[in-house]
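Hello,

Here is the model I said I would pass on. My notes follow it.

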Amino acid sequence: MSASLSSGTTEPSADRPPPGAELLAALLDGMDAALCAFDADGTVTHWNREAERILGWSAGDAVGRRGLAGWAVRSADAEEVQRRLMSAMRGGGRQVHEFALLRKDGGRVLVRMQSAAVPGADGRPAGVYGAFGEVHAQIDLERAIALSEVLFEDASWGVVLLDVDLRPTVVNVHAARSLGGGRTTLLGRPLGETVVQGVDELEGALQHVLAEGSPPAPVDLWVTLRTAEGERRRCWRSGFLRLASPLAQEPVPLGVGWLFQDVTEAKTAEQEAARLRFRANQLHRAARAAAECEDPMEAAFAHLDFGLAGFADHALVDVLAGERLVRVAATPSGEPGPCCPENAGAGIPVRYGEGHPAFQALDRVGAVRASAGVREAAVWAAERQWPKDTVHALCTVLRSRGRTLGAVTFLRGPGRPAFERPDAMYAESIAVRVAASVDLARALTGPADAP
């Protein structure tokens, strides 16, 4: 065996070494695993550099020794260890053993060794080779493999590996379900094919990780997904890891690991709670400010000014004069500003067409919401006598003492979302306070009763 598998680690003979001996020695010494080999009599024939690194015994110390007793194994354990190693000559396939070996400095190392028989020229077992490593290193490797398998199969959060071109290379079950595709159909495709909105922020984060490394904390990303059921808006709490090759001498980025969890419901509830707190605080502040106003109409304006903050861009107040609506107050149409009287005392009705949302609110005695597309918004707003930058509107009725006094209209520009049901409820809360102040002003000035 020593002639056929010589590693070149013993003293060279006077004869020329067999062809390939230098290559074999280089391969053995370059292995990441420690390797030793024995002939049929149990004599050490091979001992590579990784074995030397782990145990401290050099090839010169090991090659030629009979067995491991007295130097690499305690004498009390030597017979059992030798028996288990050499049993590979009789058993087929590989065998795995764990036992303690002795370092050259006297310390002990628990190793896991895979051993197998080495066939001779006649096909019969001519010896044994064993590849071994420290048990804790083997366990660490097994844990890493087990972790990766679990992450890509059973994890309760999404895991996506992307290459340096930001295209998915591995997608786990949870991520595929969240992205609305299959694990294989998403591979190699740009993220923009699935993520309609928010892809720029996502790709920007991935590019930053590739260039700068992993961020210190997760980030919440809002995205809109294209699915078979339509577009869905989701919030993903995302963590990013830069992947580098462990085999390269210098860290070479292999891509990015992206882990995310859907926190849409929690973020939506958090935002709604914050919005309710803010609006309740605004109503409270408005009530205190209105209480200090001598003129009831000033109190109405105070309610509108506080109510507009964070809610709408503009507000219009129209009161009934007979069957007509007359503009009495409005915020500036060019830019945000305080609510001011308009057309005071003129009594000129506003030119609202039939079916105008303000009239609809009067008919329903409730709130009416309306929106237009961004492209046709200017024409749509002009037809309804609203500022040209209006995209969304909410009209609600002014009611006090069981009577309809008019309507208040809240307007939003293209930078805000459409009004929703909670917004209508908040607008009605503002309108109740405005109506009370308008009713008081009319009672003090003595106008005819509104229908």
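Leaving aside neighbours within four places in sequence, which residues is Leu 398 in contact with? They are Val 317, Asp 318, Arg 403, Thr 404, Leu 405, Gly 406, Ala 407, Val 408, Ala 431, Val 434 and Ala 435, where contact means heavy atoms within 4.5 Å.

This is a predicted model, in which local features need pLDDT of at least 70 and side-chain atom pairs count only at pLDDT 80 or more, while totals for chains, interfaces and linings use all residues. Residues are numbered from 1 along each chain as its sequence is written, and side-chain values use heavy atoms, with hydrogens and water left out.

The core. Leu 398, Leu 304 and Phe 410 have the most contacts inside the largest nonpolar core, which has 29 residues. Such a core is a set of buried Ala, Val, Leu, Ile, Met, Phe, Trp, Tyr and Cys residues joined through side-chain atoms within 4.5 Å; buried means under 20% relative accessible area (1.4 Å probe, protein chains only). Two or more residues each come from H9, E12, E13, strand E16 (392-400), E17 and helix H12 (421-445). H12 gives the most, with nine residues. Helices (H or I, at least four residues) and strands (E, at least two) are DSSP runs, numbered from the N terminus. A second, separate core of 28 residues includes Cys 36, Trp 47, Leu 55 and Val 73.

The sheet. Six strands form an open sheet in the order E14-E13-E12-E17-E16-E15, with antiparallel pairing; two strands pair if DSSP finds at least two bridges between them. Its edge strands are E14 (340-341) and E15 (368-371). The E16-E17 hairpin has two residues between its strands, and Arg 401 in the turn has a positive phi of about 50°. In E17, ten of ten residues are buried.

Asn 172. This residue is in the loop between strand E7 (168-171) and helix H6 (173-179), and is buried, with a relative accessible area of 0%. Its side chain reaches the backbone oxygen of Trp 157 at 3.1 Å. A polar atom of the Asn 172 side chain also lies 3.0 Å from the backbone nitrogen of Val 159.

Regards

Technical notes:
Buried means under 20% relative accessible area, exposed over 50%, partly exposed in between (1.4 Å probe, protein chains only). A polar contact is a pair of N or O atoms within 3.5 Å; within protein, one must be able to donate a hydrogen and the other to accept it, and residues adjacent in sequence count only if both atoms are side-chain atoms.
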